[in-house]
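Let's check the labels on this model one by one. Each question asks what stands behind a word.

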Amino acid sequence: DKEVVEKNESKPSVGLSGRKIVYDKDGKPCRTCNTLQDFQFVTAGLTPAAAAVAVPVPAKKVEAEPSSPCNTIAGGYSKDYPPDVEVLGKSSWTLLHSIAATYPENPTSKEQQDLKQFVTLFGNFYPCWFCKADFVKYIEKNDPQVNSQDKFGKWLCEAHNEVNVKLGKPKFDCNLWKQRWKDGWDN
Ligand code: FAD
């Protein structure tokens with residue numbers, strides 16, 4: 001509907017990572033849906049034939065090296081790139097699981113309502129459009145469990161596992177969500 005995958009036949013459909021290149025509805029590569037390296041690869045404008053024989057393009061990602069003047073802009077900020085699908089994902093999960101970790105153990109009905117609304121809106125505004133589509137569907141099928149901290153932590157863990165499975169990653173043991181996101185592993 002809103003956006004399309006592989007809209008433009010003249011552009012590569014697969015990136016150097018082996019992942020499908022995801023395009024927005026205007027035909028441009030989606031920055032928040034691809035890895036930075038794939039995004040830079042496809043925006044370099046290679047034809048499919050060239051892409052087939054292309055050697056990996058070193059990502060022009062600039063690591064933060066505050067001491068190097070080449071990597072900084074006026075004001076001293078490092079030249080960090082806008083987030084790709086992985087940076088965005090990791091940061092988002094960190095925020096969501098941290099919210100679970102600080103959510104009250106016995107929330108009021110207002111807090112429950114607010115959290116449910118937050119999760120729904122978070123899904124609706126998630127910047128990677130194809131991630132969003134699946135997450136919104138997941139929420140529709142699996143009502144966010146917001147009536148206690150542990151219930152929400154586990155619900156979120158299951159939602160995260162759904163994405164892990166989709167990406168071929170191992171499932172996380174949801175009994176351990178508090179060690180990972182709240183208490184640490186030492187106790
Ligand atoms: P992440 O998956 O980001 O996990 C970060 C850390 O969380 C891990 O190191 C681990 O310690 C912990 N963790 C892992 N699993 C769980 C769990 N189940 N419960 C609790 N903690 C856990 N990427 C795509 O390519 N396609 C998608 O469709 C997609 N959909 C997404 C939908 C949402 C709502 C979000 C927030 C992200 C999505 N992503 C998607 C991004 C993807 O989930 C990863 O964030 C990204 O691939 C980076 O993975 P990572 O290996 O750094 O670890």
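Q: Why is Gln37 called partly exposed?
A: Gln37 has 19 other C-beta atoms within 10 Å. A residue is buried if 20 or more other C-beta atoms lie within 10 Å of its own, exposed if 12 or fewer, and partly exposed in between, with C-beta atoms placed from the backbone. The value 19 falls in between, so Gln37 is partly exposed. Gln37 sits in helix α1 (residues 36–43). Its C-alpha atom is 8.9 Å from that of Asp84, 47 residues apart along the chain.

Q: What kind of model is this, and how are its residues numbered?
A: Residues are numbered from 1 along each chain as its sequence is written. The model is predicted: local features need pLDDT of at least 70, side-chain atom pairs count only at pLDDT 80 or more, and totals for chains, interfaces and linings use all residues.

Q: How many helices and strands does the chain have?
A: The chain has seven helices and zero strands. Helices (H or I, at least four residues) and strands (E, at least two) are DSSP runs, numbered from the N terminus. Along the sequence the pattern reads α-α-α-α-α-α-α.

Q: What makes Ala74 exposed?
A: Ala74 has 5 other C-beta atoms within 10 Å, so the residue counts as exposed. Ala74 lies in the loop between α2 (48–53) and α3. The C-alpha atoms of Ala74 and Pro170 are separated by 42 Å, and the two residues are 96 apart along the chain.

Q: Is Asp143 buried or exposed?
A: Asp143 has 10 C-beta neighbours inside 10 Å, so Asp143 is exposed. Its place is the loop between α5 and α6. Trp155 is twelve residues away along the chain, and the two C-alpha atoms are 8.8 Å apart.

Q: Why is Lys178 called partly exposed?
A: Lys178 has 18 other C-beta atoms within 10 Å, so the in-between class applies. Lys178 is in helix α7. Not counting residues up to four places away in sequence, Lys178 touches Gly153 and Asp183. Contact here means that the C-beta atoms, placed from the backbone, lie within 7 Å.

Q: What share of the chain is buried?
A: Buried residues make up 20% of the 187 residues. Among contacts with a separation of 6 or more, residues 24 or more positions apart account for 41%.

Q: How do you know that α3 is roughly antiparallel to α6?
A: Two packed helices are described by the angle between their axes and the distance between the axes. For α3 and α6 the angle is about 160°, with the axes 8 Å apart. Axes are lines fitted to C-alpha atoms, for helices over the stretch in contact, and angles run from 0 to 180 degrees between N-to-C directions. Angles under 35 degrees count as roughly parallel, over 145 as roughly antiparallel, 65 to 115 as roughly perpendicular and the rest as oblique. That makes α3 and α6 roughly antiparallel.

Q: Which residues of α3 and α6 meet?
A: Trp93, Leu96, His97 and Ala100 of α3 meet Gln149, Phe152, Gly153, Leu156 and His160 of α6. By class, this contact has five nonpolar, four polar and no charged residues. Ala, Val, Leu, Ile, Met, Phe, Trp, Tyr, Cys and Pro count as nonpolar, Asp, Glu, Lys and Arg as charged, and the others, Gly among them, as polar.

Q: What makes α4 roughly antiparallel to α5?
A: Helix α4 (residues 109–124) and α5 pack at about 150°, with their axes 8 Å apart. That angle is over 145, so α4 is roughly antiparallel to α5.

Q: Which residues come nearest the ligand?
A: Gly89, Cys131, Cys157, His160 and Phe172 come nearest, out of 22 residues around the ligand. A residue is near if its C-beta atom, placed from the backbone, lies within 6 Å of the molecule or strand in question. α3 gives the most to this shell, with seven residues.

Technical notes. Contact = placed C-beta atoms within 7 Å.
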